[in-house]
Amino acid sequence: MASPPNLYDAEPIPDSAREEIEALLSSGDLFRYRADADSPAAALERAFAAHMGVPFALAVSSCSSALFLALKALGLEPGDKVAIPAFTFAAVPSAVVHAGCRPLLVEVGANYRIDLADFEACLEEDVKAVLISHMRGHTSDMDAILALCEARGIPVVEDAAHSLGTLWNGRKIGTLGRIGCFSFQSFKMMNAGEGGMLITQDPDIIARAVIMSGAYEHNWLKHAIVHERCRFWQNRLPLYNMRMNNLSAAVARSQIEELARRVRDGRANHDYVARLLNASPWLAVPDPLPQEERAPDSIQFNLEGFDGDAEAVAFQQAANARGVPVQIFGMSEDNARAFWNWQFIGEQRDLPKTRAMLMRACDVRLPARLTQDELDSVATALIEAAAAVKDARRNAAGPYSASA
Ligand SMILES: *Cc1c(COP(=O)(O)O)cnc(C)c1O
């Protein structure tokens, strides 16, 4: 069998981007508002909105910018509490802090999804907005979350950075809440190096976000949407300058037509490796929720029957030695997905469920481009690494436990 491939290699940018990029290199028109209309950034917004089936999209510099603008567009006040899952990337609590708000962490269970009882309890704590981060593309029970928030009039923002292509009851993730935010950073389904998108159906939200993203001095006229609302908000809001440049937009737009294939292959790859891993007594991939059709480009699984942290670390090392980089979220130093490392968010209660999950949850990239042979080599390395750690442990324990 082939040795495992480099799981961090990207796919090439489609050839269809080259002509537009060549034209930009010749003209030097990299700023989205240089031309009167029809910039590559505007073209990306139109294409992305059409793809998602929403009226409004705003291209920005990153998903973090989109999350920040989303909270500002909702009109949150300094100090307002925003509930977020405790399992997410540090950029998410950071966007809340950047917007002047206070993150309130919600417990996440062993299946990487929000603990609904804890979520409901948190909503009673004067929460002004909910930011649902679909971490690693795992969708929490959005039916329950939306119903609980709607009953209380609390707006929901979706961090769909890693969920482009995921469906919930057949509806596109990112279109369920008031605002959806996406990332085009290189490890996401569309790779522009950096970049993000904010989508909504609400004319005032998009107008506010357009202005605050940096559409100064009537540059909002170059967005073919909600001009009356933009005229109203002009000069009433600060300009944070979080625009996307034309080069990133051209790179991103060329990949919209690749999405269907990437989602299909990513899901098939994930489900194939999940079946192999689940046959090991030591590895468990949680099932998706029944409403969910996932679009994964990585796989997460829990170590089962591992007696202590040392065994978990030994597994991580054994997998790395076999050529598959594994991170256990709670085990690697300074991990940006371990909530106890977010010292900038202020005092929080302990979150024992999320903490227990993070200490045994493993993360492996699984890009859509992998071949069957490569998938087999990744799965074999992981299964052998787990067996090696557990067998060594059994042998070390002596003859009495050898038959167990
Ligand atoms: C990547 C990611 C982000 C941050 O996206 P940027 O575009 O890098 O700012 C936020 N949330 C999740 C779940 C992510 O995966």
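This short talk covers the ligand site and the cavities of one structure. The model is predicted: local features need pLDDT of at least 70, side-chain atom pairs count only at pLDDT 80 or more, and totals for chains, interfaces and linings use all residues. Residues are numbered from 1 along each chain as its sequence is written, and side-chain values use heavy atoms, with hydrogens and water left out.

Start with the ligand. Which residues are around the ligand? Among them are Ser62, Cys63, Ser64, Asp159, His162 and Lys188; near means a heavy atom within 4 Å. By class, this shell has three nonpolar, seven polar and two charged residues.

Now the polar contacts, meaning pairs of N or O atoms within 3.5 Å. The side chain of Asp159 has an N or O atom 2.7 Å from a ligand nitrogen. Lys188 also reaches 2.7 Å, to a ligand oxygen. For His162, a polar side-chain atom lies 3.3 Å from a ligand oxygen. Alone, the ligand exposes 380 Å², and the protein buries 93% of that. Those areas use the Shrake-Rupley method with a 1.4 Å probe.

Next, the cavities. On a 1 Å grid over the protein atoms alone, a cavity is a set of points where a 1.4 Å probe fits but cannot get out; lining residues have an atom within 4 Å of a point. How many cavities of 30 Å³ or more does a search find? Four.

Key: A polar contact is a pair of N or O atoms within 3.5 Å; within protein, one must be able to donate a hydrogen and the other to accept it, and residues adjacent in sequence count only if both atoms are side-chain atoms. Ala, Val, Leu, Ile, Met, Phe, Trp, Tyr, Cys and Pro count as nonpolar, Asp, Glu, Lys and Arg as charged, and the others, Gly among them, as polar. On a 1 Å grid over the protein atoms alone, a cavity is a set of points where a 1.4 Å probe fits but cannot get out, and a pocket is an open set with protein on both sides within 12 Å along at least five of seven lines; lining residues have an atom within 4 Å of a point. Grid points are joined across faces, edges and corners, and a volume is the space filled by probe spheres set on the points.
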